[in-house]
Amino acid sequence: MIARALLPDLPAYNALEELAKQLASASLQGLFEADPQRAETFTASAAGLHLDYSKQLLTRGARAALLQLAEQAGVQQGIADLFDGVRVNNTEGRPALHTLLRASSAGGQEDRFREVVTARSRMQTMAERLHRGEHTGYSGTTITDVVNIGIGGSDLGPRLVTQALKPFHGRVRCHYVSNVDPADLQDTLATLNPAATAFIICSKSFRTEETLANGLAARDWMLHAGATTTELDRHFLAVTTNLQAARDFGIPEANCLPMWDWVGGRYSVWSAVGLSCAIAVGWERFSEFLAGAEAMDQHFRHSEPGENLPLLMSLLEIWYCNFFGAGNHVVLPYDHSLQRLPDFLQQLTMESNGKRVSNSGELLHYTTAPVLWGSAGTMGQHSFHQLLHQGTLLCPVDFILPLTTHTSEQQQHRILVANCLAQSRTLMVGRSLEQARQALLRRGLDDEAAATLASHLVMPGNRPSSVITMASLNPGTLGALLALYEHRTYCSGLLWGINSFDQWGVELGKEISTDILGRLTDGIGADDTMDAATEHLIERWRDATR
């Protein structure tokens, strides 16, 4: 991977700083008045998605300068490297070929693609048997429920996709367990029939502590229900590379699907990790999900920079993080089926780009990876939208809006759409002191009371947002949406000069947890290497569990 100049060293950076200063106090409404074509000019479409970014604090000149920044950062070469199998994950010496998982052709990766096709075929066979009701448990009962046990990328992606595609579900119900807190598994199993339940253990190493603990508890549940150890293979599948550990657990190789080290967990829902999704919606729908992502891949790889949706969204992220000081980003899906999308995107963006050193290990002195948060509309309007409209933080927003509903309640969906568009417009236009005073007078307050209270109703406006629309939320548009954010994340990593595909920051906590677990399990006394606060909390735990 070629070393590139860091962000502040790129020639366009200083010009963008000046443009940001000019636009910091700009009126978005004024920008629309000055450019009658703005609503059409600041849009782009691909793979069934339409991005309207006209309510961003941008001019044509600022957009041109941002595109110039991307060119100077070598983003186009970085995009080619991603698809060509270059080791873009330089700290681990690996490519990042998650795009191959949804590809319809090898694209120069013939050996790996053969592996993908073979795994996809086996995955299809497993999924279709369960989806059609041909898979039976130890008592001959048809499997009606599947529980996916994983964590991180082995949970967040499949959980999101399964929930988002609920209108397309078949006869098998899919459930998800990720938390090592025993309540997660126990609450999930409470209403299930062991004879009709199957489990998918998703763990590349088959040693992930939380996943293995839940898997062992699920196995005990099945054995206590009457299954024998030789019958466990009727109830357990695995997605792993550690076939021996799976065999030791009771899962034969024939029930195991592969994971590859050239696919990170948070990019893996397109692989066998998505088996539960394929079971839930059927293989045809899952194939449409893959095809939607591939369509976005092709757009990302071949479109012009000024029309490239992931690149444009990445440049907006850079614009607000590095030139406006916004340390957060809000995603608001106005579709109940997408309520898990912010959870998924939190891992995708913050685990990928939450880095403080460059690809070469140099300490960075600029912001990377904003905190991502959000929830499904309209619920957020009655909790945190107050901060978006009147708070002191700058919170750039992505609104995500399917234009039609799978339900029969058209009027309720009109209300939902109206709320989404209203929130985006309100962020832009705000409310002036005089408008607030007039609103209070219309409510019946006298002049003095209205003048006193008016400042509390003022909204500054000029708060940036984009609106991503699709005709409907279906497997294809969902695949395109997730791929859009994947590629946006990668482009931002290229611009920040960081590796978006490693996650060394999660390792130390695991190591220390293992040390503390040993203390809790073996009853060992005080350790000079442990801090006093942790020692005190260990003693409190011992007192509570004696």
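In which sense do β3 and strand β4 pair, and over how many bridges? The points below take this up after a note on the model.

1. Basis. This is a predicted model, in which local features need pLDDT of at least 70, side-chain atom pairs count only at pLDDT 80 or more, and totals for chains, interfaces and linings use all residues. Residues are numbered from 1 along each chain as its sequence is written, and side-chain values use heavy atoms, with hydrogens and water left out.

2. Strand pairing. β3 (residues 145-149) and β4 (residues 173-177) pair in the parallel sense over five bridges. Strands here are DSSP runs of E with at least two residues, helices are runs of H or I with at least four, and both are numbered from the N terminus; two strands pair if DSSP finds at least two bridges between them. The chain goes from β3 to β4 by way of helix α7 (residues 156-164), and this β-α-β crossover is right-handed. That term applies if, with the strands pointing away from the viewer, the path from the first strand over the helix to the second runs clockwise. β3 also pairs in the parallel sense with strand β5 (residues 197-202), again over five bridges. D145 has a bridge partner in each: R173 in β4 and T197 in β5.

3. Burial of β3. Five of the five residues of β3 are buried, where buried means under 20% relative accessible area, exposed over 50% and partly exposed in between (1.4 Å probe, protein chains only). Both faces are covered, with D145, V147 and I149 on one side and V146 and N148 on the other.

4. Helix α5. In α5 (residues 75-84), the buried residues are V75, G78, I79, D81, L82 and F83. They pack against α4 (60-72), α12 (283-302), α13 (309-323) and α19 (475-496). Just after α5, G85 has a positive phi of about 80 degrees.

5. Helices α4 and α13. Two packed helices are described by the angle between their axes and the distance between the axes. For α4 and α13 the angle is about 100 degrees and the axes are 10 Å apart. Axes are lines fitted to C-alpha atoms, for helices over the stretch in contact, and angles run from 0 to 180 degrees between N-to-C directions. The two helices are therefore roughly perpendicular; that label covers 65 to 115 degrees, while under 35 is roughly parallel, over 145 roughly antiparallel and the rest oblique. A62, L66, L67, L69 and A70 of α4 meet L311, L315, I318 and W319 of α13.

6. T43. This residue lies in strand β1 (residues 43-46) and is buried at a relative accessible area of 16%. A polar atom of the T43 side chain is 2.8 Å from the backbone oxygen of E40. Not counting residues up to four places away in sequence, T43 touches H50, L51, D52, Y53 and E307, contact being heavy atoms within 4.5 Å.

7. R94. The loop between α5 and α6 (110-131) holds R94, which is partly exposed at 27% relative accessibility. Leaving aside neighbours within four places in sequence, R94 is in contact with V86, R87, V88, N89 and D261. Its C-alpha atom is separated by 26 Å from that of L212, 118 residues apart along the chain.

8. T349. Helix α14 (residues 341-353) contains T349, and T349 is buried with a relative accessible area of 4%. Not counting residues up to four places away in sequence, T349 touches G354, A369, L372, R488 and T489.

Definitions and conventions. A polar contact is a pair of N or O atoms within 3.5 Å; within protein, one must be able to donate a hydrogen and the other to accept it, and residues adjacent in sequence count only if both atoms are side-chain atoms.
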